[in-house]
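Keep the model open beside you as you read.

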Amino acid sequence: MADISLPHLSSGKVRDIYDAGDGRLLLVTSDRISAFDVIMAEPIPDKGRVLTAMSAFWFELFADLVPGHLISTDLADMPPEAQQPELTGRVMLCRRAEMLPIECIVRGYITGSAWKEYRTSGTMHGATLPEGLLESAQLPEPVFTPSTKGELGEHDINLSFDEAVDLVGAELAGQARDVSLAVYQRGAEWAAERGIVLADTKFELGLVDGELILADEVLTPDSSRFWPADQWVPGTTPPSFDKQPVRDYLDGLDWDKTPPPPPLGDDVVAATRARYIEAYERITGRSFADWPGGA
């Protein structure tokens, strides 16, 4: 990744964040990939550009529902320190927001940690669900299921809505729920028209001058579960448009899911790159080759 001479604020599993001045942030999306909360040694070429391109697409589509933090993805609009060719297509200049201390998760289908909880106790985030649901079944209606934000290497903790209210207050929790559900619903309908199921997703919301805005990444394969609609069968785990090739490969190894990770083969890296690009192209109807820096 390029050496950017701006104040470095933080690094996550995928993104590096810099202070761009004047109430703005520079988000750089790398090609890093993690699985089981462990960052792999090998990057997935173009992954960062795919995530940036998808987020930019969704910010535009949702602009009438909720303001976004995105100002520009054009390299020419970035601070001079960040106008580096290798950053083409993987940078976002954004408004700096006061982020909510909760992950705004919406589930339209029961899978992942929600399925594990339901199988154990018949509940999802503590709320009782109908009996007899199958894994990957569609829920009667999408549900807002917030969680805490775990630090790097820590797991998020599921919250009830009342616990979210305790963290951010009733008014803000209600706004976050309503915005998250509205954005999910539109995204799910858009994806469905293109033969893709949006099973669940995670939004980041924050405040700019007291106004709630959508921030960070939006409906990417890293923050959402996308399933091919023609392979969705309740009672099974459908394949995902994301890091599934990496997960499948690692699950077949004798690895205890702690660092250091085993090396990824070239075929796994190539298959994962192709999966991300396919997700972008199917959902947006655009060619990744037309995105700046896309191949």
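Start with strand β2 (residues 15-21), which runs antiparallel to β3 and is joined to it by 6 bridges. Strands here, like helices, are DSSP runs numbered from the N terminus: a strand is E with at least two residues, a helix is H or I with at least four. Two strands count as paired if DSSP finds at least two bridges between them. If you want a spot to look at, find I17, which stands opposite L27 in β3.

Before going further, a word on what you're looking at. This is a predicted model, in which local features need pLDDT of at least 70 and side-chain atom pairs count only at pLDDT 80 or more, while totals for chains, interfaces and linings use all residues. Residues are numbered from 1 along each chain as its sequence is written, and side-chain values use heavy atoms, with hydrogens and water left out.

β2 and β3 belong to an open sheet of 5 strands, with antiparallel pairing and the order β1-β2-β3-β7-β6. The edges are taken by β1 (8-11) and β6 (70-72); each has a single partner strand, so one side of each has no neighbour in the sheet. From one strand to the next, the twist averages 30°. Helix α1 (residues 47-61) packs on this sheet and touches β2, β3, β6 and β7 (91-95), and its direction makes about 40° with that of β7. For these angles, axes are lines fitted to C-alpha atoms, for helices over the stretch in contact, and the angles run from 0 to 180 degrees between N-to-C directions. Contact means heavy atoms within 4.5 Å.

Where do helix and sheet meet through side chains? Look at T29 and T52, whose side chains are joined by a polar contact of 3.4 Å. (A polar contact is a pair of N or O atoms within 3.5 Å; within protein, one must be able to donate a hydrogen and the other to accept it, and residues adjacent in sequence count only if both atoms are side-chain atoms.) T29 lies in strand β3 (residues 24-29), and T52 has its place in helix α1. Is T29 buried or exposed? At 1% relative accessibility, T29 counts as buried, and T52 is buried too, at 1%. Buried here means under 20% relative accessible area, exposed means over 50%, and partly exposed is in between, using a 1.4 Å probe and protein chains only. Leaving aside neighbours within four places in sequence, T52 is in contact with T29, T73, G89, R90, V91, M92 and W291.

Next, move along to strand β14 (residues 196-208). Of its 13 residues, 12 are buried, so β14 is largely enclosed by the rest of the structure. Which strands does it pair with? Strand β8 (residues 98-99) runs antiparallel to β14, with 2 bridges between them; there you can find E98 opposite L207. Strand β9 (residues 102-109) is also antiparallel to β14, joined by 4 bridges, and R107 has D200 as its bridge partner. Another antiparallel pairing, this time over 5 bridges, links β14 to strand β16 (residues 224-228), where L198 is partnered by F226. Strand β15 (residues 211-215) pairs with β14 in the antiparallel sense, again over 5 bridges, and L205 has L214 as its bridge partner. β14 and β15 form a hairpin with 2 residues between them, and D209 in the turn has a positive phi of about 55°.

Now look just past β9. I110 is found in the loop between β9 and α2 (112-121), and it is buried, with a relative accessible area of 0%. What is around it? Leaving aside neighbours within four places in sequence, I110 is in contact with W115, Y118, L129, L134, E135, S136, A137 and L139. The C-alpha atoms of I110 and A137 are separated by 5.7 Å, although the two are 27 residues apart along the chain.

Finally, step back to the whole protein chain. It has 6 helices and 16 strands. Its radius of gyration is 19 Å, close to the 19 Å that the globule rule gives for 295 residues, so the chain is as compact as a globular protein of that length. That radius is taken over C-alpha atoms, and the globule rule is 2.2 Å times the number of residues to the power 0.38. Of the 295 residues, 50% count as buried. Among contacts between residues at least 6 apart in sequence, 64% join residues at least 24 apart.
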